[in-house]
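Visitor: Hi! Could you walk me through this one, starting with any enclosed spaces?

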Amino acid sequence: MSRALVLGGGGVAGIAWTTGLLAGLAEAGQDVTGADVLIGTSAGAAVAAQLGSGLPLPQLYARQTDPSLQAAEIAAEFDPEKFGEEFAAVLAEGSTAAEIRREMGKYALAAKTVPEPRRRAVIESRLPSHDWPERAMKIVAVEAETGEPAVFDRASGVPLVAAVAASCAVPGIWPVVPINGKRYVDGGVRSSANADYATGFTQVTVVVPMGAAEAFPTERPLEQVLADLREAGSKVAVLEPDEASVAAIGPNPLDPGTRAAAAAAGLAQGQQGGVVWE
């Protein structure tokens with residue numbers, strides 16, 4: 001049986017919640033982190049790279065809850081209402097998912113953000129190892145100018161830190177990431193989880209810290225992708241935050257202050273187990 005673990009976006013709170021969830025599931029006897037491939041988008045890219053480092057789940061969990069071990073995050077200046085209005089204006093400029101991705105790229109390229117090296121340092125501090133692991137891993141981003149998706153892996157020649165930084169580059173919040181003469185933004189602009197890259201695997205576990213709803217219009221919404229995976233023969237499980245986890249993540253998943261509470265809520269949810277692939 002071949003297994004894929006798909007890790008979706010959700011800011012620093014999503015990183016913490018996902019890490020807690022995976023640690024809790026392992027305690028409950030449902031460790032899914034040994035999958036044959038890790039597919040990471042945005043926050044999920046960071047979690048995938050952390051898993052690939054080889055650190056055991058209890059240590060990865062401690063890196064979310066122990067202030068002395070936490071990454072040196074930047075508190076994003078984030079007004080959810082204003083951010084939503086700006087995104088709505090950008091979305092109105094495109095009539096297709098591809099056009100919207102290009103418009104989001106334009107928006108990201110024009111935005112004033114923290115300097116790219118400062119943001120890169122944050123990603124470096126998140127990752128226990130800056131080297132690609134031997135195990136299969138796919139990190140999803142979107143090219144800003146063209147709107148085309150990009151999938152980075154060990155064979156791509158792109159440094160792991162750069163790949164994760166690109167996948168985590170939320171338009172309008174964090175700077176675009178230059179890689180080999182091109183510039184990239186958050187893989188969530190294509191899809192919250194990009195679960196279609198798990199096509200062909202026998203068992204697919206999809207973790208979506210922000211729920212199954214897509215943040216942006218996409219050619220194939222997550223629900224359709226999941227249906228397609230099942231129709232192709234995959235057994236699929238989708239893991240979303242429960243009520244307590246939603247409350248812990250809060251309205252601003254980019255707030256570093258949410259990490260300990262989100263991780264603890266994820267741990268408690270995971271400890272309940274009960275994951276079913278169908």
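Guide: Arg3, Ala4, Val32, Ala35, Gln203, Val204 and Thr205 line the second largest cavity. On a 1 Å grid over the protein atoms alone, a cavity is a set of points where a 1.4 Å probe fits but cannot get out, a pocket is an open set with protein on both sides within 12 Å along at least five of seven lines, and lining residues have an atom within 4 Å of a point.

Visitor: Which elements give two or more residues to that lining of the second largest cavity?

Guide: They are β1 (3-7) and β7 (203-207). Of these, β7 supplies the largest share, three residues. Helices (H or I, at least four residues) and strands (E, at least two) are DSSP runs, numbered from the N terminus.

Visitor: Before we go on, what kind of model is this?

Guide: This is a predicted model, where local features need pLDDT of at least 70 and side-chain atom pairs count only at pLDDT 80 or more, while totals for chains, interfaces and linings use all residues. Residues are numbered from 1 along each chain as its sequence is written, and side-chain values use heavy atoms, leaving out hydrogens and water.

Visitor: Thanks. And how much space lies in the second largest cavity?

Guide: About 30 Å³, where a volume is the space filled by probe spheres set on grid points that are joined across faces, edges and corners. By class, the lining of this second largest cavity has four nonpolar, two polar and one charged residues. Here Ala, Val, Leu, Ile, Met, Phe, Trp, Tyr, Cys and Pro count as nonpolar, Asp, Glu, Lys and Arg as charged, and the others, Gly among them, as polar.

Visitor: How many cavities does a search of the whole structure find?

Guide: It turns up two of 30 Å³ or more. The largest cavity has a volume of about 80 Å³, and its lining is made of Val12, Ile15, Gln50, Arg63, Gln64, Leu69, Gln70, Ala71, Glu73, Arg126 and Arg259. The lining residues of the largest cavity divide into four nonpolar, three polar and four charged.

Visitor: Is Asn194 buried or exposed, and why?

Guide: Asn194 is buried because its relative accessible area is 0%. Buried means under 20% relative accessible area, exposed over 50%, and partly exposed in between (1.4 Å probe, protein chains only). Ser42 also counts as buried, because its relative accessibility is 8%.

Visitor: OK, new topic. Where is the place of Pro217?

Guide: Pro217 is in the loop between β7 and α8 (222-231). It is partly exposed because its relative accessible area is 36%.

Visitor: What does Pro217 touch, not counting residues up to four places away in sequence?

Guide: Leu91, Ala97 and Ile100, where contact means heavy atoms within 4.5 Å. Pro217 and Ala97 are 120 residues apart along the chain, yet their C-alpha atoms are separated by 5.5 Å.

Visitor: Last one: which helix does Ser245 lie in?

Guide: Ser245 is part of helix α9 (residues 243-249). Ser245 counts as buried because its relative accessibility is 0%. Leaving aside residues up to four places away in sequence, Ser245 touches Trp17, Ala265, Gly266 and Gln269.
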